[in-house]
Amino acid sequence: MDIYREHILDHWKRPRNFGKLDDPNVVIDETNPLCGDALHFELKVEDGAIKAIAFQGEGCAISVAAASLLTEKAKRQSVKNVLSISNEMMLKELGISLSPTRLRCGLLAISGLRKGLKT
Amino acid sequence: MVDPKKIREDFPILTRRIGNKPLVYLDNAATSQKPEAVLAAMDEFYRQHNANPNRGLHELSEEATGLYEGARAEAAQFIGADPKEIVFTRSATESINLVAQSWGRANLAKGDAIVLTEMEHHANLVPWYLLAEEKGLELRFVEITSNGELDFDDFKKKINGAKLLAVTHLSNVLGTVVDVADLAKIAHKAGARVLVDGAQSVTQLSIEVQALGCDWFVFSAHKMLGPTGIGVLWTKEGRYAEMPPWLGGGEMIKEVELGHVTFNDPPWKFEAGTMPIAEAIGLAAAIRYLSQQSMTEVRAHEQSLTGYALGELSKDKDVTVYGPTDTARRGGLVSFNVAGIHAHDLATILNDEGVAVRSGRHCAHPLHKKLGIPASARASWQLYNIPEDIDTFIKGIAKAKKVLQG
């Protein structure tokens, strides 16, 4: 079971949309207290759509790669579309099968976006 | 001398394979594996003697009573104590909660101070947080030095005027062996009671509770080759008088009238409800198994593996090891990080090689914060581990670097 596929390692080593925004109007912090992983998202949301998104974080390859992949997917999408991303869709996006304990790493990013965008 | 190759034959699980690789079990600080003798003792109890101890007059109940109280006597002997000073609990954690909820609630009042340390496991933090919140207590934390030892000067300052010192005997992250006897002397002089968390030390060091000089010593069976679900609380003679009952139920009472209860004598006063009988018997079997070696030999075996692992890890410039470098100052575990690789990714790749290590924050969030790291990996050994296990582990680290760093 190899979860360290090339695209995962690529998104971990060169995370897309990594950094900060100048004028975010939604800021989300999501952590996994068990392992200490922490993701910080900054978004510019206008008229129900995500105009810009960036993230920073400290975590394992899986949680960072998942955040990178998710920001690519969420960019220029409606909030509604992003909220409709299910866990299954997120895992499909990652394209690897994760053990139950490592599911949390793969789903940390989407669970953060859900919490921050739902309000 | 410990002969780990021979000892391995007593542990059925060690023949397991992980994928197509032989299991290399290096997560002993989380829980150890169990020898055939422990499994057989518990099985034999259920097949031949199962009954509720101290309840019935029938033969099985008498046998169960003998086995259960016999386990108490063996646990007592193992740490140089009297059987009456041994209370069985569910875990080391529960033992600490018992002291907090019984002694702590009855003897501590608003403004009183408890001294803890920065290297405590959550089990020796959270019970005191809960009590502090309820009672308005002050919690003080003894700092650690850059070498992962307790700062003795800081301790001497903080123990002043405190009512309790609760401290680990062996850090589950740094591996540091704490000079508990020295701390206890000073704490007692300052008028404080002393609780020692022996969850990690009980399987590695020779424990003589009188020499440690503490008031309470707690440990569990499952890290010392015994089953889960049973813990021990040792209480120094005389301290029971300061401890009201905690949990209520059967066995802990002498007589119940409607509206009035007469409590049983300790230790039974603290054992409410039907206890984990088979587990107590399993603990006794583990003690007998461990006692085939002297604890000095056990310690020497683990120290030699620690020395070997530290030497191998130090060859890799990307590896940072936490805690004392002197094996005389530390127990059989090593926490570390590899630059640029998260502990979880390392553990996953090691697992592909059959190697089981712990990754994360090891129930010690404040300590990881102090060390300035989000997580760490930890390898820890037992009687049955061999230098070849460390070789496989070190090769696994090299593989992880290759996979992740390219």
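Visitor: How many helices and strands in chain A?
Guide: Five helices and three strands. Keep in mind that this is a predicted model.

Visitor: What pattern do they follow along the sequence?
Guide: Chain A reads α-β-β-β-α-α-α-α. Its radius of gyration is 13 Å, close to the 14 Å that the globule rule gives for 119 residues, so chain A is as compact as a globular protein of that length.

Visitor: And what box do the C-alpha atoms fill?
Guide: Roughly 45 × 25 × 25 Å, along the principal axes.

Visitor: What share of chain A counts as buried?
Guide: Of its 119 residues, 51%.

Visitor: Switching to charges. How many salt bridges over all chains?
Guide: The search of the whole structure finds 32.

Visitor: Give me one in chain A. What does Glu72(A) pair with?
Guide: Lys75(A). The closest N and O atoms are 3.3 Å apart.

Visitor: Now chain B. Which residue does Arg239(B) meet in a salt bridge?
Guide: Glu242(B), at 3.6 Å from N to O. Both residues are buried.

Visitor: What about Lys254(B)? Which partner there?
Guide: Asp265(B), with the closest N and O atoms 3.2 Å apart. This pair links distant parts of the chain, eleven residues apart. Lys254(B) sits in strand E11 (residues 253-257). Asp265(B) is in the loop between strand E12 (260-263) and helix H9 (277-290).

Visitor: Are those two buried or exposed?
Guide: Lys254(B) counts as exposed, at 51% relative accessibility. Asp265(B) is partly exposed, at 39%.

Visitor: Which residues are joined into one network by shared partners?
Guide: Arg193(B), Asp215(B), Arg239(B) and Glu242(B). So the buried pair Arg239(B) and Glu242(B) belongs to that network, because salt bridges that share partners join the four.

Visitor: On to the surface. Where is negative charge gathered?
Guide: In a patch of Asp3(B), Glu9(B), Asp10(B) and Glu36(B). Glu36(B) lies in helix H2 (residues 36-49) of chain B.

Visitor: How accessible is Glu36(B)?
Guide: Its relative accessible area is 44%, so Glu36(B) is partly exposed.

Visitor: Which residues form a nonpolar patch?
Guide: Val126(B), Tyr129(B) and Leu130(B), with about 250 Å² of accessible area together.

Visitor: Where does Tyr129(B) lie?
Guide: In helix H5 (residues 126-135) of chain B. Tyr129(B) counts as partly exposed, at 34% relative accessibility.

Technical notes
Residues numbered from 1 in each chain as written. Chains lettered and ligands numbered in written order. Predicted model: local features only at pLDDT ≥ 70, side-chain atom pairs only at ≥ 80, totals over all residues. Heavy atoms only, no water. Patch = residues over 30% accessible without salt bridge, like charges linked within 9 Å, V, L, I, M, F, W, Y side chains within 5 Å. Areas by Shrake-Rupley, 256 points an atom, 1.4 Å probe, with all protein chains shown as cover. Salt bridge = Lys/Arg side-chain N within 4 Å of Asp/Glu carboxyl O. Lys, Arg positive; Asp, Glu negative; His and termini not counted. Charge placed at Lys NZ, Arg CZ, Asp CG, Glu CD. Helix = DSSP H or I, 4+ residues; strand = E, 2+ residues; numbered from the N terminus. Buried < 20%, exposed > 50% of the residue type's maximum accessible area, 1.4 Å probe, protein only. Rg over C-alpha atoms; globule rule 2.2 N^0.38 Å.
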